[in-house]
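Before reading on, please look over the sequence and the model, and keep both in view.

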Amino acid sequence: MSTFKAPKGTYDLLPPDSARFLAVREAIATPLRNAGYGYIETPGFESVELFARGVGESTDIVSKEMYSFTTKGGDQLALRPESTASVLRAVLEANLHKSGNLPVKVWYSGSQYRYERPQKGRYRHFSQVGAEAIGAEDPALDAELIILADQAYRSLGLTGHRILLNSLGDRTCRPVYRAALQEFLRGLDLDEETRRRIELNPLRVLDDKRDEVRKQLVGAPLMPDHLCEACKAYHEQVRELLTAAGVRFEDDPKLVRGLDYYTRTTFEFVHDGLGSQSAVGGGGRYDGLSEMLGGPALPSVGWALGVDRTVLALEAEGVRLELPATTSVYAVPLGDEARGVLFAAVTALREAGVATDFAFGGRGLKGAMKSANRSGARLALIAGERDLAEGKAQLKDLESGEQTEVPVAEIVPEIQRRLAAQG
Ligand code: AMP
């Protein structure tokens, strides 16, 4: 072991388990590509100010969890704690919203960084796949995103996820609700920090997980009872579209995203097999964000799904993913001449699309065959000097142990035939 370890709250993705992470990313991306979302990649760091405005100064993410630093040139930057603000910044900077083709639909995949207290399912470096649909106010777009996330989870074989749904109202009805909620909360017995939160970000108090707070929240005014007619109608349409699509959801009137520019539809995907870190993904409408970043009014909606927690949810349900075979054929040369011949065969097999590996390091037959078995390959291709003198190599079926000869010139087609026959 080296003297160094992965930093606290982080972990390494190593083979073979790392294949599951790739499969999860791919499974989330596939329905998005299929629905017209284009891939976007933004830098891993941005100006601190973007996150302060785009995520919100009063949030834990910005006030406590951001990895911010000053560069040698004096710029204040931060590792991204989430990607929505970055994506919107990039879309505005490139004027994609002026292409006349709204909404701009994009998806991303990448690392996020938050200085959180680490525990199972909560890391300081984690991975999200996200989608944003920018520049349209249409309940079908909100429904589309929720349906696509549900499709992604189901395509992975997950069944234990639940969708929680709420509406946060808009600029008309939310301030009225906010004031009513503040009045209710000011009458409760709460600690200093929570009292401060009532003034800054009262909706967040509804999200408090502590028992002593939850007990007092019974009877709190709830947003769904305060929605204006337009928001009520919008929300009803989202619900109807989801129902028509056969996507089950639960109304959760306490579900919030406590920032002023989050509007209307808000949702979370939870999985009950994950203990306290039960959210596997979340999102919602953020009609005010573009203006907060100095852009035009661009009503938008998006989500981010956590890759790490999706993998944990799969483990919790005992789902085994069908992963692509890593190695089908393992070549074992015995002697220098065979090395040259089999190395050329390996290259030809790979070009023909057959996943092939090679016993490097000039090991003996026994060690090399052990590696062949460990690689998961179905066939071992073995050749020594005597075989080559006859223009042949040996093909060993690693399951049955049966060994047959194959002319060197026939290696590629014969292996293709054998693999196809085995299915
Ligand atoms: P958020 O950006 O906070 O809405 O989170 C969206 C999703 O990202 C969550 O539902 C989690 O699956 C994942 N996530 C957020 N924070 C963490 C973390 N510290 N560690 C692992 N996954 C996280």
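Predicted model: local features only at pLDDT ≥ 70, side-chain atom pairs only at ≥ 80, totals over all residues.

**Helix H1**

Several residues of H1 are buried, among them Phe-21, Val-24, Ile-28 and Leu-32. The buried residues of this helix pack against strands E5 (104–113), E6 (125–134) and E11 (300–306), and also against helices H5 (139–155) and H12 (307–317).

| Residue | Relative accessible area |
|---|---|
| Thr-194 | 2% |
| Arg-114 | 14% |
| Gln-128 | 8% |

Thr-194 counts as buried because its value of 2% is under 20%. Thr-194 lies in helix H7, residues 192–200, and, leaving aside neighbours within four places in sequence, it is in contact with Val-205, Asp-208 and Arg-210.

Arg-114 is found in the loop between E5 and E6, whereas Gln-128 belongs to strand E6. Apart from neighbours within four places in sequence, Arg-114 is in contact with residues including Glu-82, Tyr-123 and Gln-128. Gln-128, with residues up to four places away not counted, touches Arg-114 as well as others, including Tyr-108, Gln-112 and Leu-305.

Which feature does UniProt place at both Arg-114 and Gln-128? An unreviewed UniProt entry gives the feature "binding site" at these positions, and also at others, including Glu-82, Arg-257 and Tyr-261.

Notes. Residues numbered from 1 in each chain as written. Heavy atoms only, no water. Buried < 20%, exposed > 50% of the residue type's maximum accessible area, 1.4 Å probe, protein only. Helix = DSSP H or I, 4+ residues; strand = E, 2+ residues; numbered from the N terminus. Contact = heavy atoms within 4.5 Å. UniProt positions renumbered as here; feature names shortened; annotations may be inferred.
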